Amino acid sequence: MVRSAPTSDHSRDTIAGAYSSPPWWYDIRGLFILTFAYRSTLGRQVRLFGRNIGAYHLEVAIGSGSLLDIILRWRRWKGLPRVQIVGFDYAEPMLVGARQRFSGKPDMALLHADVSSLDFADASFDSANIANAMHCFSDLDGALAEVVRVLKPGGTLAANVLLYPRGPRLLRRIAEQINQWGMRKGILYTPYHHAEIREKLIASGLAIVAEEVCGNAYNVVLRKPPEPV
Ligand SMILES: C[S@@+](CC[C@H](N)C(=O)[O-])C[C@H]1O[C@@H](n2cnc3c(N)ncnc32)[C@H](O)[C@@H]1O
């Protein structure tokens with residue numbers, strides 16, 4: 001088993017409190033983090049998550065909803081079908097932003113919830129996305145158990161996970177500084193080693209459908225095994 005370096009000791013309430021900035025500031029900060037800590041692009045995220053939205057979809061840790069909004073526009077542009085979405089987050093200020101953004105949209109429900117304790121029936125959703133958030137969860141095993149529980153057999157999960165910085169020294173140093181700041185602030189629980197997070201995902205009962213390491217991010221699509229016939 002691969003073990004990571006010590007993580008931040010923030011509880012999920014500290015983490016939720018760290019997301020108390022106004023949603024517009026969160027969006028600008030997010031783009032900076034995406035470029036220099038993940039070393040990824042918005043386009044890559046839109047394609048990863050936009051393709052994994054089934055008829056009844058769960059958006060885990062939706063944040064202010066700005067990424068999902070872009071993804072839904074991309075889906076409309078691609079002519080992909082409209083879907084029913086339930087989105088939730090633990091940080092109320094983020095939900096306020098999402099509620100404003102998606103107000104009046106009958107196919108979108110927004111809830112306050114902790115990913116480790118979900119109030120949905122087993123096997124509810126066709127798909128789930130965890131965008132930019134798995135490494136924010138203080139109880140990742142509990143979170144994965146809940147997401148797997150509420151997915152239908154055969155349902156899919158897409159996620160991107162922040163890895164410990166890799167690559168050229170200068171870029172690595174910049175990403176390390178951003179991560180340390182994020183952990184102090186409480187917006188990051190821990191980055192992961194690639195082998196470690198892969199092992200955890202498989203241990204949760206999901207099978208890997210597609211995966212790539214890109215920059216400092218592990219992008220992965222997984223499937224809950226179908227029910228035996
Ligand atoms: C970096 S943001 C990502 C938000 C959004 N998915 C995006 O890509 O823009 C991480 C989100 O995870 C949420 N979060 C952290 N711990 C959580 C928990 N235990 N349950 C639900 N949401 C949580 C935070 O409140 C925050 O909105």
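Setting aside residues up to four places away in sequence, V60 touches F88, V115, A128, N129, I130, A133 and V147, where contact means that C-beta atoms placed from the backbone lie within 7 Å. The model is predicted: local features need pLDDT of at least 70, side-chain atom pairs count only at pLDDT 80 or more, and totals for chains, interfaces and linings use all residues. Residues are numbered from 1 along each chain as its sequence is written.

V60 also belongs to the largest nonpolar core, which has 61 residues; V60, I130, V147, L157 and V161 touch the most other members. Strand β5 (residues 151–162) supplies the largest share of this core, six residues. Such a core is a set of buried Ala, Val, Leu, Ile, Met, Phe, Trp, Tyr and Cys residues joined through C-beta atoms within 7 Å. A residue is buried if 20 or more other C-beta atoms lie within 10 Å of its own, exposed if 12 or fewer, and partly exposed in between. Buried residues make up 43% of the 229 residues in the chain.

The ligand is surrounded by 21 residues, of which A61, G63, Y90, A91 and N132 are the closest; a residue is near a molecule if its C-beta atom, placed from the backbone, lies within 6 Å of it. Helix α1 (residues 12–17) gives the most to this shell, with three residues.

Overall, the chain contains eight helices and seven strands, which are DSSP runs (helices H or I, at least four residues; strands E, at least two) numbered from the N terminus. Its C-alpha atoms fill a box of roughly 45 × 40 × 35 Å along the principal axes.

How values were computed: Two residues are in contact if their C-beta atoms, placed from the backbone, lie within 7 Å.
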